[in-house]
Amino acid sequence: MIKEVHSEDETKSLGLSIGLSLGGGEVIELVGDVGTGKTTLVKGVAVGLGIDEYIQSPSFTINRLYDGRDDIKLSHYDFYRLDNAGIMADELGEEIGSPGVVTIIEWAGVVEGVLPDDRLTIKITSPGETSRKFELSAGGDISRNLLKRIES
Ligand SMILES: Nc1ncnc2c1ncn2[C@@H]1O[C@H](COP(=O)(O)OP(=O)(O)OP(=O)(O)O)[C@@H](O)[C@H]1O
Ligand SMILES: [Mg+2]
């Protein structure tokens, strides 16, 4: 699925539709340069999960956990500028696939080894100052089902 948007609000709306489609147990990898809107998208996802807390870039803590609707937890990682994920890689590996947890990762390169094939990969590019192109692709059944719900 490819989606082009032209404002920050439209990016949040796309995030919202993803958030509304989540059931727990999904893994989402966000791929894109600095400032393309990865964290902005997560803000929309959080709204769709019924989270009213402010979503901050988890840069220093690497991971932040939020409680959402229907006992779903949103676990947001950001490995920006880390060349070694250390113990966080193990934590992430253990968390993946836990029922009720939605895992979203920015700058996942350093933890590629622990990511499941079955993840929704969202590639973001920025053709203009406020325009963004999102390419969503699924690597297995869980993420394919998620993608179908997002599309419908
Ligand atoms: N259509 C858009 N969608 C998202 N952000 C946009 C858009 N147009 C402009 N922006 C701006 O781009 C920036 C996106 O910042 P954001 O923190 O979401 O990026 P990021 O991909 O998470 O970056 P980083 O790699 O540093 O974590 C914000 O300053 C936002 O205002
Ligand atoms: Mg970010």
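Which element supplies the largest share of the shell around ligand 1, and how many residues does that share hold?

Reply: The largest share comes from α2, with three residues. The model is a predicted one, in which local features need pLDDT of at least 70 and side-chain atom pairs count only at pLDDT 80 or more, while totals for chains, interfaces and linings use all residues. Residues are numbered from 1 along each chain as its sequence is written, and chains are lettered from A and ligands numbered from 1 in the order in which they are written.

The shell around ligand 1 has 17 residues, and those that come nearest are Thr11, Gly37, Lys38, Thr39 and Thr40; a residue is near a molecule if its C-beta atom, placed from the backbone, lies within 6 Å of it. Both α1 and α2 contribute at least two residues to this shell. Sorted by class, the shell holds three nonpolar, ten polar and four charged residues, where Ala, Val, Leu, Ile, Met, Phe, Trp, Tyr, Cys and Pro count as nonpolar, Asp, Glu, Lys and Arg as charged, and the others, Gly among them, as polar.

As for α2 itself, Lys38, Leu41, Val42, Gly44, Val45, Ala46 and Gly48 are its buried residues; buried means that 20 or more other C-beta atoms, placed from the backbone, lie within 10 Å of the residue's own, exposed that 12 or fewer do, and partly exposed covers the range in between. These buried residues of α2 pack against α1, β2 (27-31), β3, β4, β5 (101-106) and β6 (120-125), contact being counted when two C-beta atoms lie within 7 Å. Val47, also found in α2, counts as partly exposed because it has 18 C-beta neighbours inside 10 Å. Leaving aside residues up to four places away in sequence, Val47 touches Leu16 and Gly19, and its C-alpha lies 8.3 Å from that of Leu20, although the two are 27 residues apart in sequence. Just after α2, Gly50 takes a positive phi of about 75°.

The other helix that gives at least two residues to the shell, α1, has Thr11, Lys12, Leu14, Gly15, Ile18 and Gly19 buried. Seen down the axis of α1, these buried residues fall within an arc of 155°, so they line one face of the helix; the arc is that of the directions from the helix axis to the C-beta atoms. What covers them includes β1 (2-5), α2 (38-48), β7 (132-138) and α4 (141-151). Helix α1 has 14 residues (8-21) and should span 20 Å at 1.5 Å a residue, which agrees with the 20 Å between its end C-alpha atoms; the expected span is 1.5 Å times one less than the number of residues.

Along the sequence they follow the pattern β-α-β-α-β-β-α-β-β-β-α. Buried residues make up 33% of the 152 residues. Among contacts between residues at least 6 apart in sequence, 64% join residues at least 24 apart.

Notes. Helices (H or I, at least four residues) and strands (E, at least two) are DSSP runs, numbered from the N terminus.
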